[in-house]
Amino acid sequence: MEKMGRNDPCWCGSGKKYKTCHMLFDEKIHHYELQGHIVPKRRMIKSKEQIQGIKDSSVINIAVLDAVEKMIGPGVTTQQIDDLVHDMTVDMGGLPATLNYEGFPKSVCTSIDEVVCHGIPSSEEILKEGDIVNVDVSTLYKGYYSDSSRMFCIGEVSAEKRKLVQVTKECVEKGLAMVKPWNFLGDMAQAVNDHAKANGYSVVVDIGGHGVGLEFHEEPFVSYVTKAGTEMLMAPGMVFTIEPMVNMGTCEIYIDDDDGWTVRTEDGKPSAQWEVTVAVTDEGYEILTY
Ligand code: MF3
Ligand code: CO
């Protein structure tokens, strides 16, 4: 870490003097670092302006998911969802962040039942009564990324699957409750994992959340299977996603060989996911998308 003079302008770009801005913050981080903890890099700490940029992006992200909620149902194809996400995002001045991202061909991920994530919308894929589907929307607006996903129950859904959807949502809420400065990402992860396990479910290990904002996927990698007191220290200004994938059966997954994207459960049992983008504040957290 670069040493700064007390009266130098702060590294965060606020224009304030270092001593009245992030000096105590840096001392605190250093203290944790000396104890052997993983600590956030300066580049992971967003300014107020940057967080406002992510919030503006989130306005589109949320509006798009609200619109999906209104049109989704039995008989709707996942391509129709893709069209809506694409057109509405562009109409509002944004871009769908997944489109052409590392070759992903569509504007949204739609993941039904045993599909864990990264399902590719298709005009051949028709939603039917009893399906549970995750719609994952990522938005780029004026240089800022936002990312969130929701589960939808299509028509009458079995009590078993409805419970999976509900418990997964609760997992995100339990995780959020642990988001505050000077807690660890592992505190959040353990809260998520404990709740899933208590309900007889497993949490996917190999795919997780991520820092987000200036890039679609930033450091740190955010796991939901790590232990309290471990992983990166949380500090005000960090922005990341909480997006656990919770499986009814095994946590083992595989990627579809044919399309190179679709992730499925190894045992074919259903999987659910909810995703929020969250900022660590001075007091606790603020949800930017839901
Ligand atoms: N939206 C997903 C996430 O939560 C990322 C999808 S990347 C894609 O991180 F290429 F598969 F779309
Ligand atoms: Co994400």
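Predicted model: local features only at pLDDT ≥ 70, side-chain atom pairs only at ≥ 80, totals over all residues.
Is Lys-163 buried, partly exposed or exposed, and at what relative accessibility?

**Stop 1: Helix 4**

Lys-163 sits in helix 4. With a relative accessibility of 40%, Lys-163 counts as partly exposed, because that class runs between the 20% limit for buried and the 50% limit for exposed. Lys-163 and Asn-199 are 36 residues apart in sequence, yet their C-alpha atoms are 9.2 Å apart in space.

Stay in helix 4, which covers residues 159-176, and click on Lys-161. What is the relative accessibility of Lys-161? The value is 14%, so Lys-161 counts as buried. The side chains of Lys-161 and Asp-113 are joined by a polar contact of 3.0 Å.

**Stop 2: Ligand 1**

Select ligand 1 and display the residues around it. There are 14 residues around this ligand, and those that come nearest are Thr-98, Asp-136, His-210, His-217 and Glu-243.

Now look at some individual atom pairs.

- Asp-136: an N or O atom of its side chain is 3.1 Å from a nitrogen atom of ligand 1.
- Glu-243: here a polar side-chain atom lies 2.8 Å from an oxygen atom of the ligand.
- Glu-275: an N or O atom in this side chain is 3.2 Å from an oxygen atom of ligand 1.

How much of the accessible area of ligand 1 does the protein cover? On its own the ligand has 340 Å² of accessible area, and the protein covers 96% of it.

**Stop 3: Helix 5**

Select residues 185-198 to bring up helix 5, which has 14 residues. From its first C-alpha to its last, helix 5 reaches 20 Å, close to the 20 Å expected at 1.5 Å a residue. Why can helix 5 be called largely enclosed by the rest of the structure? The reason is that 10 of its 14 residues are buried. Among these buried residues are Leu-185, Met-188, Val-192 and His-195.

**Stop 4: Helix 3**

Move on to residues 78-91, which form helix 3. Then turn the view until you look down the axis of helix 3.

**Stop 5**

Helix 1 takes in residues 23-34. Its 12 residues should span 16 Å at 1.5 Å a residue, which agrees with the 17 Å between its end C-alpha atoms. The buried residues here are Met-23, Phe-25, Asp-26, Ile-29 and Tyr-32. Step just past the end of helix 1 to Gly-36, where phi is positive, at about 95 degrees.

For helix 2, select residues 48-71 and pick out Ser-57. Ser-57 has a relative accessible area of 0% and is buried. Which side chain makes a polar contact with the side chain of Ser-57? Show Ser-146, whose side chain makes that contact at 2.8 Å.

**Stop 6**

Go to His-118, in the loop between strand 3 (115-117) and strand 4 (132-141). Phi of His-118 is near 60 degrees, a positive value in a residue other than glycine. His-118 counts as partly exposed, at 28% relative accessibility.

Next, find Glu-231 in the loop between strand 8 and strand 9 (239-242). Glu-231 has a positive phi as well, near 70 degrees. Its relative accessibility is 28%, so Glu-231 counts as partly exposed.

Finish in strand 8, residues 218-222, where you will find Pro-220. Is the peptide bond from Glu-219 to Pro-220 cis or trans? Omega is near -5 degrees, and this bond is cis.

Conventions. Residues numbered from 1 in each chain as written. Chains lettered and ligands numbered in written order. Heavy atoms only, no water. Near = heavy atom within 4 Å. Polar contact = N/O pair within 3.5 Å; in protein donor to acceptor, adjacent residues only side chain to side chain. Areas by Shrake-Rupley, 256 points an atom, 1.4 Å probe, with all protein chains shown as cover. Helix = DSSP H or I, 4+ residues; strand = E, 2+ residues; numbered from the N terminus. Expected span 1.5 Å × (residues − 1). Buried < 20%, exposed > 50% of the residue type's maximum accessible area, 1.4 Å probe, protein only.
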